[in-house]
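My entries follow the structure.

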Amino acid sequence: MDYKKLFDQYLLLVNRLMPKPPLPPVIGIDIGTSSIKAVELARAAGGVEVRHWAIEPLTGTDTKSALKKIGERLRFNGQTLVCAVFGKGTLIRYVDLPRMPLEDLRKSYIYDLDKYFPFDPKSIYTDCSILDPENKDKKMLVLLAAVKKEMVDERLKLFKEAGLELSSVTINSIAIANAFRRLGPSVNASGKAKAVLDIGGSASCLMIFKDSSPRFARDIFVGSHELTKKIANALGVNEAQAEALKLAPGEKLAQVLEACDMPINTLITEIRLSMDYYMTEKNVQVDELFLSGGGSLLKGMSDVFAKNLGLPVKIWNPLESGYLKVPAASGEIQNYAAQFGVALGLGL
Ligand SMILES: Nc1ncnc2c1ncn2[C@@H]1O[C@H](COP(=O)(O)OP(=O)(O)OP(=O)(O)O)[C@@H](O)[C@H]1O
Ligand SMILES: [Mg+2]
């Protein structure tokens, strides 16, 4: 009798039956250009629960002070902290590579960094992920990400100066992809693709999903701040008044939308170009567009998108998924649902 094998099996069984210590809650912290959004998530039966949340505007205050205020409200004490960077200096590539284990991929792709990214390989941090690990095809779909070192180092410094320790840094669009995958509408394997556009204050981020997995991502440098500027110019008001009109246009809606015509059209053109590119490359059509981010809340904007793109366009509320439990005590977070996609994706 092989006693060693028997003993190993016994240990395995004991290990399986031993109660596991609960995973520490995770706080996703989205440092946007308009505000910092943070949400603490913890495991709950059949999914994940919102424990605490906070939003702190960045107008008239510096990021470090706003981050400290978030810390006071969420009482950081041992939770895992995750944040993201975005924009110029970050890049994501979706590539098909011969199937191999993740450890082998990690060792091999770094020799080809200059092939994938237009950055000096010494100036970036990179990572990779296999998007279809269960698939048995000879080829696999891989996500490669690169970020300029100084952007990550700056984030680490900011948190350190606020007395906090970050566990991970990722890219906004990866966080949105995480959130959309778990908290998005159930995407069936229809052969068609879905697009998500997160319209923030300074920029927007477009992603294309197929079979619940992200396939394409790009940043478009048009955001909702630009709409405010256009409203101010067209209606002859100052920026604070223009911002107020953007949030509640009332009977001036037609004038507000007309003032925003140019930036909205730029977004539409860029979305169309990306969808056409994806269609040509992969022969897959995008049949629905979901909007998130505070900028998506401009009244009437989704109708303009739908009319010009010839697609159904919906505002995506990540708090409506059955996977995420939102206790009634979480109160007002529902009012900010469109803005919490990135923070939730980081927490997940
Ligand atoms: N109800 C609303 N109607 C129109 N615009 C809105 C509304 N609510 C918020 N916004 C706009 O959304 C923007 C903020 O959105 P969000 O919080 O997603 O941006 P951010 O994450 O701070 O910015 P970025 O992602 O560019 O760094 C602001 O420009 C704000 O004016
Ligand atoms: Mg944002």
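I looked up Arg-75 and found it exposed, with a relative accessible area of 62%. I use buried for under 20% relative accessible area, exposed for over 50% and partly exposed for in between, with a 1.4 Å probe and protein chains only. The model is predicted, so local features need pLDDT of at least 70 and side-chain atom pairs count only at pLDDT 80 or more, while totals for chains, interfaces and linings use all residues. Residues are numbered from 1 along each chain as its sequence is written, chains are lettered from A and ligands numbered from 1 in the order in which they are written, and side-chain values use heavy atoms, with hydrogens and water left out.

Arg-75 is in the loop between α2 (63-74) and β4 (80-85). Helices (H or I, at least four residues) and strands (E, at least two) are DSSP runs, numbered from the N terminus. Arg-75 is not a glycine, yet its phi is positive, about 45 degrees. Most residues other than glycine have a negative phi. I noted Ser-212 for a positive phi too, about 65 degrees. Ser-212 sits in the loop between β10 and β11 (213-220) and is partly exposed at 29% relative accessible area.

**Helix α8**

Which residues of α8 are buried? In this helix, residues 239-247, they are Ala-242, Leu-245 and Lys-246. They cover an arc of only 100 degrees around the axis, so they lie on the same side of α8; the arc is that of the directions from the helix axis to the C-beta atoms. Ala-240 and Leu-247, on the other side, are exposed. The buried residues pack against α7 (224-235) and α9 (253-259). At the start of α8, a side-chain oxygen of Asn-238 comes to within 3.2 Å of the backbone nitrogen of Ala-240.

**Largest pocket**

I looked up the largest pocket and wrote down a volume of about 990 Å³. Its lining has 42 residues, and Ser-34, Gly-201, His-225, Gly-294 and Gln-339 lie nearest the centre. On a 1 Å grid over the protein atoms alone, a pocket is an open set of points where a 1.4 Å probe fits, with protein on both sides within 12 Å along at least five of seven lines; lining residues have an atom within 4 Å of a point. The elements that each supply at least two lining residues include β1 (26-31), β2 (35-44), α7 and α8. By class, I have 14 nonpolar, 19 polar and nine charged residues in the lining. Ala, Val, Leu, Ile, Met, Phe, Trp, Tyr, Cys and Pro count as nonpolar, Asp, Glu, Lys and Arg as charged, and the others, Gly among them, as polar.

**Single residues**

Is Lys-37 buried or exposed? Lys-37 lies in strand β2 and counts as buried at 8% relative accessibility. Its side chain makes a polar contact with the side chain of Ser-35 at 3.1 Å. A polar contact is a pair of N or O atoms within 3.5 Å, one able to donate a hydrogen and the other to accept it. Leaving aside neighbours within four places in sequence, Lys-37 is in contact with residues including Asp-30, Gln-339 and Phe-340; contact means heavy atoms within 4.5 Å.

Asn-172 is in helix α6 (residues 172-183) and is buried at 12%. Residues up to four places away in sequence not counted, Asn-172 touches Asp-30, Ala-84, Val-85, Phe-86 and Val-342.

Terms used:
Grid points are joined across faces, edges and corners, and a volume is the space filled by probe spheres set on the points.
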